[in-house]
Amino acid sequence: MTSGTADTITMDLNGAYKKINSILSGMADSGFDALCIFEQFITKREELLAFSERECDETRLQRAVNAAHRRTEGYPLQYILGEWEFYGRTFKVGEGVLIPRPDTETLIDEAQRIIDSFDGKRRMVCADLCAGSGCIGITLERNNPGKLRMYAVELSGDVFPYLVDNIGRHGAEIVMIRGDISNGVLLDNFIDDDGEEMGIDLIVSNPPYLSEKEMDELQKEVTFEPSMALYGGADGLQFYRVISRLWGEMLNKCGAIVFEIGETQRADVEKILLECGFCDINIVQYAGMDRVISARKR
Ligand SMILES: C[S@@+](CC[C@H](N)C(=O)[O-])C[C@H]1O[C@@H](n2cnc3c(N)ncnc32)[C@H](O)[C@@H]1O
């Protein structure tokens with residue numbers, strides 16, 4: 001409900017919610033998005049339900065309305081909210097950072113299967129390559145407290161502060177390395193407590209994997225995410241080659257690699273892994289599509 005003079009228009013909470021909803025009407029999930037935006041900028045849904053006639057703060061309403069308009073342009077809800085859930089934990093996200101996807105939770109399950117099969121006589125050395133928000137490395141480290149010696153490698157200066165923040169937010173014990181995964185010098189960071197070079201037991205990675213053609217056909221919403229997180233070279237396979245060849249050399253005997261892949265990349269990535277001396281290839285699907293591949297070093 002609205003009331004007031006020409007200068008001051010006031011609106012109650014119910015009216016504010018309806019206004020946001022009407023801006024988003026016609027969009028998929030508009031009700032969910034409207035409620036999220038309402039909670040982010042105005043107040044909790046419990047207050048809306050219990051005190052719907054309470055007056056809505058004008059500045060807050062204006063911010064919510066602006067966010068709703070932004071959303072109609074395809075701007076991701078996750079960037080509006082500044083955080084998103086992944087495998088039961090909330091991660092800080094924002095422009096420049098890839099939004100954690102439910103597909104990637106499949107990678108967590110496959111990596112956990114491999115962690116569970118490790119002999120457990122010492123801490124397992126793991127590397128999360130192209131770490132982004134840190135959702136993979138943090139989830140695995142927190143779900144296996146004290147069992148993993150986790151490293152996270154990320155190149156982007158825009159992303160790195162989010163990685164630092166998320167590691168702190170979840171109290172994860174992770175060594176962060178800022179650098180380009182194709183630079184072999186990064187491998188010098190893998191040293192044990194005595195300063196000796198150390199092999200890796202498990203590599204996990206959701207690298208950029210879209211081809212040039214796929215980059216030209218992105219859905220509007222994805223165009224707001226950084227191309228650096230998406231583009232995997234002309235054929236989309238560049239990161240699989242570099243990681244399998246360069247980082248594969250660092251894997252201990254029977255060490256494993258777990259990649260997220262695009263739904264058409266299974267055969268190509270399998271070929272790369274076989275050429276680099278991997279075996280025991282396993283594919284895991286998400287929503288009926290190939291999404292994760294794992295392999296062991298012979
Ligand atoms: C597909 S995103 C994955 C982010 C996160 N692991 C996830 O699953 O949500 C790929 C990440 O790789 C980073 N990246 C791109 N090129 C890189 C490189 N050469 N070395 C290290 N990181 C890189 C991007 O900045 C981005 O954060």
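Which residue in β11 does V284 stand opposite? In this predicted model, V284 faces V292 of β11, and that pairing is a handy place to start a walk through the strands around β11.

Strand β11 spans residues 289–297 and is mostly covered, with seven of its nine residues buried. Strand β10, made up of residues 278–286, runs antiparallel to β11 and is joined to it by seven bridges. The two strands form a hairpin with two residues between them. Within that turn, A287 has a positive phi of about 50 degrees. For V258, the bridge partner in β11 is S294. As a general point for anyone reading along a strand, side chains in a regular strand alternate between the two faces of the sheet.

Attention now turns to the ligand. Around the ligand there are 19 residues, of which C130, E154, D180, N206 and A229 come nearest. Sorted by class, this shell comprises twelve nonpolar, five polar and two charged residues.

The side chain of D180 places an N or O atom 2.8 Å from a ligand nitrogen. Backbone atoms take part as well: an N or O atom of the I181 backbone lies 3.0 Å from a nitrogen atom of the ligand, and for a backbone N or O atom of A131 the distance to a ligand nitrogen is 3.2 Å. On its own, the ligand has 600 Å² of accessible area, and the protein covers 96% of it.

Conventions:
Residues are numbered from 1 along each chain as its sequence is written. This is a predicted model: local features need pLDDT of at least 70, side-chain atom pairs count only at pLDDT 80 or more; totals for chains, interfaces and linings use all residues. Side-chain values use heavy atoms; hydrogens and water are left out. Buried means under 20% relative accessible area, exposed over 50%, partly exposed in between (1.4 Å probe, protein chains only). Helices (H or I, at least four residues) and strands (E, at least two) are DSSP runs, numbered from the N terminus. Two strands pair if DSSP finds at least two bridges between them. A residue is near a molecule or strand if one of its heavy atoms lies within 4 Å of it. A polar contact is a pair of N or O atoms within 3.5 Å; within protein, one must be able to donate a hydrogen and the other to accept it, and residues adjacent in sequence count only if both atoms are side-chain atoms. Accessible areas come from the Shrake-Rupley method with a 1.4 Å probe; for residues, only the protein chains shown count as cover. Ala, Val, Leu, Ile, Met, Phe, Trp, Tyr, Cys and Pro count as nonpolar, Asp, Glu, Lys and Arg as charged, and the others, Gly among them, as polar.
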